[in-house]
Amino acid sequence: MLVLFTDTDTDLTPKLAEEYGYHLISMPYSVNGREIKPYEDYKKFDAHEFYQMMRDGILPNTSAINGYDYEKYFEPVFAAGNDILYVHFSRAMSATFDYMDEAVKGLLAKYPERKFYTVDTKGITIGSLNIVKEIGDLYKAGKSVEEILAWAKEEVDRFAVYFFADNLTFFRRSGRVSGLAGVMGNMIGVRPIIYMDENGKMVSIGKERGRYNAMDKLMEYVNELADDIYSHRVIIAHADAPELADRMKKMLIEKYGDKLRIEINQVNPTAGSHCGPDTLGVSFHAKHR
């Protein structure tokens, strides 16, 4: 039997994980030195409380999980005689996968008949969520692991995500975005436009003054790159900015009609520790990233 795994950096919640058949790996963050594991240390993520904390000046930190944690997640599945497919956030964004590789190497030596497969979504938050849900659909439809991996090889780079950060303070601190130097000198009112590239890294590709101008720019990218958009989900992400998300949804419906499969999603706290509150983004099926 094939068992699906994903992680909380893909924005999947326990409820959705159960719906699709995923086991959920918790990617931690720390607040005032206390490590917190999403959906293990609490059942429901209170996005408003978390992002308000950041607005009030308390800045979370993130860290990789260790090999022992991966063993705790994976070994019971191998011991039960099952194989694993792990659909994860971008390998290029964290050293955690080095620890995973070592843990899996040891487990496969212990359980040599088992198989471990991965799909690198080359994304995080909704860029990953779109792919995680599509693979979940394939899994529920009874597709084999070979069919799922073939789909991923063709489709992972066809899911684009574009977003803007409302406050450069958080991304400047995290150091996770390349190309930000051009906007750092004039931070007031500037929103960098960022996308996930084909290497799974966040890259700043422009800047806009004001939230509405930034949203217009996101729509420009959707209009330019969208491909077979009605056959796939369009997912809007926000970091405690429901009004912006609703506005983005209305803009999409005005352009493409109400046949779009639009979903609105809160950015998970681990990713949100880097982008900060009032971030807004959109993920869609595209000609390319």
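By class, how many nonpolar, polar and charged residues are in the lining of the largest pocket? In this predicted model, that lining has 17 nonpolar, nine polar and two charged residues. To find the place, select Met-93, Ile-124, Thr-270, Ala-271 and His-274, which lie nearest the centre of the pocket among its 28 lining residues. The space inside comes to about 360 Å³. Next, colour β8 (159-164) and α11 (269-275), the elements that each give two or more residues to this lining; α11 gives the most, with four residues.

Now select helix α9, residues 211-225, whose 15 residues reach 21 Å from the first C-alpha to the last, close to the 21 Å expected at 1.5 Å a residue. Show the side chains of its buried residues, Ala-214, Met-215, Leu-218, Met-219, Tyr-221, Val-222 and Leu-225, and look down the helix axis: these buried residues fall within an arc of 155°, so they line one face of α9. They pack against β8, β10 (190-196), β11 (202-209), α10 (242-256) and β14 (280-285).

Finally, turn to two loops. Most residues other than glycine have a negative phi. In the loop between β1 (2-7) and α1 (14-20), select Asp-11, which has a positive phi of about 75° although it is not a glycine; at 5% relative accessibility, Asp-11 counts as buried. Then move to the loop between α11 and β14 and select Asp-278, where phi is again positive, near 70°, and where a relative accessibility of 11% also counts as buried.

How values were computed: Residues numbered from 1 in each chain as written. Predicted model: local features only at pLDDT ≥ 70, side-chain atom pairs only at ≥ 80, totals over all residues. Heavy atoms only, no water. 1 Å grid on protein atoms, 1.4 Å probe; cavity = no way out; pocket = protein on both sides within 12 Å on 5 of 7 lines; lining within 4 Å. Points joined across faces, edges and corners; volume = space filled by probe spheres on them. Nonpolar A, V, L, I, M, F, W, Y, C, P; charged D, E, K, R; others polar. Expected span 1.5 Å × (residues − 1). Buried < 20%, exposed > 50% of the residue type's maximum accessible area, 1.4 Å probe, protein only. Arc of directions from axis to C-beta. Contact = heavy atoms within 4.5 Å.
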